[in-house]
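Please keep the sequence and the coordinates at hand while reading.

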Amino acid sequence: MAAVFQKFTMKSTVFLLLLAVLTCGLSQGNENDVEEVQVETLVQPETCSVLSRMGDTLKIHYTGKLLDGKVIDSSLSVDPLVVELGKRTVIAGLEQSLVGVCEGQKIKATIPSHLAYGKKGYPPTIPGDAVLEFEVEVVSLTQQTPWQKMVTDVLPLVCLALVPTLLGLVGLYLYNKANAEKPSKKKSKDKKIKKK
């Protein structure tokens, strides 16, 4: 019995060691792998009373690069890019990095491929599985007004509730119309005869 237990223990130990080696090897992976957006503040303005949040509109200047330093896009030679947070006008990782910034702030965002252009990339400029770096300057920040918030948050819910209501009313109308008593030709002839 002790020999069987010792073989079982030896096999288990070898299996666990192999599993640990494989797990460590897989977890190390590529040193360029980034799992979530990393934001570094390059310039912080002296006063920062208002932070950006979803629904706000930002005007930004940006320079996007691959990790090897190759510039893939920049707005420095044109007007600032207008970004409305939550509208998905830019890649997801860049939008995430712009939440919680203030006017005049400069940041450097390192964006993993799954929050940028993914496995396919954006040929020929951006290869697949590329981690991107964006240096962003927030030129202006316009907060969402209560009216805009209502239109973007509440109005879609109201419309969503109205659709089944209207469909129910149309169904009720059609049901009542189908079940209404239709005057037959014989009854209308009888009424004409009685009138004479």
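Lys87 lies in the loop between E4 and H2, where helices (H or I, at least four residues) and strands (E, at least two) are DSSP runs numbered from the N terminus. At 46% relative accessibility, Lys87 counts as partly exposed; buried means under 20% relative accessible area, exposed means over 50%, and partly exposed is in between, with a 1.4 Å probe and protein chains only. Lys87 and Gly55 are 32 residues apart in sequence, while their C-alpha atoms are 7.9 Å apart in space.

The model is predicted, so that local features need pLDDT of at least 70 and side-chain atom pairs count only at pLDDT 80 or more, whereas totals for chains, interfaces and linings use all residues. Residues are numbered from 1 along each chain as its sequence is written, and side-chain values use heavy atoms, with hydrogens and water left out.

## Overall architecture

The protein has four helices and six strands, and from the N terminus on its elements run α-β-β-β-β-α-β-β-α-α. Of the 196 residues in the protein, 23% are buried.

## Backbone geometry in the loops

Most residues other than glycine have a negative phi, and most peptide bonds are trans. Arg88, which is not a glycine, has a positive phi of about 60 degrees; this residue sits in the loop between strand E4 (81-84) and H2 and is exposed, with a relative accessible area of 72%.

Asp129 is likewise not a glycine and has a positive phi of about 55 degrees. Asp129 is found in the loop between E5 and E6, and its relative accessible area of 46% makes it partly exposed. Pro124 also lies in the loop between E5 and E6, and the peptide bond that leads from Pro123 to Pro124 is cis, with omega near 0 degrees.

## Nonpolar core

A nonpolar core is a set of buried Ala, Val, Leu, Ile, Met, Phe, Trp, Tyr and Cys residues joined through side-chain atoms within 4.5 Å. The largest such core has 25 residues, and Leu98 and Leu132 are those with the most contacts inside it. The elements that give two or more residues to this core are E2, E5 and strand E6 (132-142), and E6 gives the most, with five residues.

## Disulfide and salt bridge

Which cysteines are joined by a disulfide? A search of the whole structure finds one disulfide, a term that stands for a pair of cysteine sulfur atoms within 2.5 Å, and it joins Cys48 to Cys102 with an S to S distance of 2.2 Å. The link of Cys48 and Cys102 is left-handed, with -130 degrees about the S-S bond. Cys48 lies in the loop between strand E1 (38-43) and strand E2 (57-66), and Cys102 in the loop between helix H2 (92-97) and strand E5 (106-111), so the pair ties together parts that are 54 residues apart in sequence. Cys48 is partly exposed, with a relative accessible area of 30%, whereas Cys102 is buried, at 1%.

Side chains of opposite charge can pair when their charged atoms come close. The structure holds one salt bridge, defined as a side-chain nitrogen of Lys or Arg within 4 Å of a carboxyl oxygen of Asp or Glu. The side chains of Lys108 and Glu133 form this salt bridge, at 3.8 Å from N to O. The pair links distant parts of the chain, with Lys108 in strand E5 and Glu133 in strand E6, 25 residues apart. Lys108 is partly exposed, with a relative accessible area of 24%.

## Nonpolar surface and the annotated segment

A nonpolar surface patch of about 1100 Å² is made by residues including Trp147, Met150, Val154, Leu162 and Tyr175. Patches are made of residues with over 30% relative accessible area and no salt bridge, and they join like charges within 9 Å or nonpolar side chains (Val, Leu, Ile, Met, Phe, Trp, Tyr) within 5 Å; accessible areas come from the Shrake-Rupley method with a 1.4 Å probe, and for residues only the protein chains shown count as cover. Trp147 is found in helix H3 (residues 146-179) and is exposed, with a relative accessible area of 59%.

According to UniProt, in an unreviewed entry, the feature "transmembrane region" is placed at residues 154-175; UniProt positions are given in the numbering used here, feature names are shortened, and annotations may be inferred rather than shown by experiment. Over residues 154-175 the chain is 100% helix and 0% strand, and the end C-alpha atoms are 32 Å apart. Cys159 counts as partly exposed, at 40% relative accessibility.
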